[in-house]
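Reader: Can you take me through the pocket and the ligand in this one? I have the structure open.

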Amino acid sequence: MINETVGIIGGTGWLGGSIAKAVLAKGLVPSGNLVISNRSGNHPLVQQGASLVTDNQDLVDRSDIVIIAVRPEQFASLNINATGKTVISLMAGITAQAIAAQSLASAVVRAMPNAAVEIEQSFTPWYCSGGVAATTKILVQRLFECVGTAAEVQEEDFIDYLSALSGTGPAFPALLMMALAHQAMLAGIPDDIAQLAAKNVVVNSSQLLANRDAQQMIDALVAYRGVTAAALQAMSQGPFEEQIGRALQAGAAVARKGLQA
Ligand SMILES: NC(=O)c1ccc[n+]([C@@H]2O[C@H](COP(=O)([O-])OP(=O)(O)OC[C@H]3O[C@@H](n4cnc5c(N)ncnc54)[C@H](OP(=O)(O)O)[C@@H]3O)[C@@H](O)[C@H]2O)c1
């Protein structure tokens, strides 16, 4: 448990709300030390003891650490003065410099979780700009470990690139699942069976990778020299990896260009 008060601007949204719920459930932040804000008021998190405010400056004044979990286009209208505070931004495509300039925060951390915060399975890379105290870095790491795994990165550009990789969360697996199911249906497999098979591959069978090395898994399956080997060989003959590279670069380019309104 920490002594600091944590404020989450946008603390009832997908990311902000999931983080708020997890830090309370894991006991990292006592409910009396959690302040969340939104514009619409009223949220079930209040029943767990968090304070809900609609005045973001009030939240900032009451908090030691301020997490900004609004959408990038909503940032410009926040109008907060966070002088002397550490601000952790979850916003894609807004630089630490822009956040510091607009919020007057003393230190800025850019973190990039993904939608799997909802099930505490996110990976969250984070980057510190300016003088962030070692004790604050430990707190940031612990905070994001409440919703999965986390790691500090040393370059801000890594956050923009990783926004398009881990930041996309379930997006690439969803695309793969759709492609597998669609191709099976085209090949005459009944729709429901095709969807069950594709979902199993992406959601269930892939859990074997949680504790195994991906390359060793591929090598072991290819060693059978059978069906899997033929399928993977056909896949690797096409521009699969190049296409992945192009997708990541396209997403990163949008993050680097900036998403502020
Ligand atoms: N979702 C993802 O998969 C994902 C992944 C990586 C990064 N991110 C980043 O995470 C951030 C949040 O995304 P999200 O998906 O959680 O968005 P979201 O669900 O739309 O949540 C945004 C929250 O901000 C609140 N809000 C908006 N304007 C506000 C204001 N002026 N003051 C206080 N609260 C305000 C909204 O509540 P009210 O409408 O009630 O005000 C809402 O609860 C974004 O910047 C995004 O770039 C998201």
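Reader: Which element gives the most to the lining of the second largest pocket?

Author: That is α3, with three residues. Bear in mind that this is a predicted model.

Reader: And how many residues line the second largest pocket?

Author: The lining has 32 residues, and those nearest the pocket's centre are Ala69, Val70, Arg71, Pro72 and Gln74. Besides α3, the elements giving two or more residues to that lining are α1 and α11 (240–257).

Reader: What volume does the second largest pocket have?

Author: About 850 Å³. By class, its lining residues are 16 nonpolar, 13 polar and three charged.

Reader: Now the ligand. Where does it sit?

Author: In that second largest pocket. There are 25 residues around the ligand, and Leu15, Arg39, Ser40, Val70 and Arg71 come nearest.

Reader: Which helices supply at least two residues of the shell?

Author: α1 (14–25) and α3 (72–75) each do. The shell splits into 13 nonpolar, 10 polar and two charged residues.

Reader: What lies 2.7 Å from an oxygen atom of the ligand?

Author: A polar side-chain atom of Arg39 is at that distance from a ligand oxygen, and a polar side-chain atom of Arg71 also lies 2.7 Å from an oxygen atom of the ligand. From the backbone, an N or O atom of Gly13 lies 3.1 Å from a ligand oxygen.

Reader: How much of the ligand's accessible area does the protein cover?

Author: The protein covers 83% of the 890 Å² that the ligand has on its own.

Terms used: Residues numbered from 1 in each chain as written. Predicted model: local features only at pLDDT ≥ 70, side-chain atom pairs only at ≥ 80, totals over all residues. Heavy atoms only, no water. Near = heavy atom within 4 Å. Polar contact = N/O pair within 3.5 Å; in protein donor to acceptor, adjacent residues only side chain to side chain. Areas by Shrake-Rupley, 256 points an atom, 1.4 Å probe, with all protein chains shown as cover. 1 Å grid on protein atoms, 1.4 Å probe; cavity = no way out; pocket = protein on both sides within 12 Å on 5 of 7 lines; lining within 4 Å. Sits in = over half its atoms within 2 Å of the grid points. Helix = DSSP H or I, 4+ residues; strand = E, 2+ residues; numbered from the N terminus. Nonpolar A, V, L, I, M, F, W, Y, C, P; charged D, E, K, R; others polar. Points joined across faces, edges and corners; volume = space filled by probe spheres on them.
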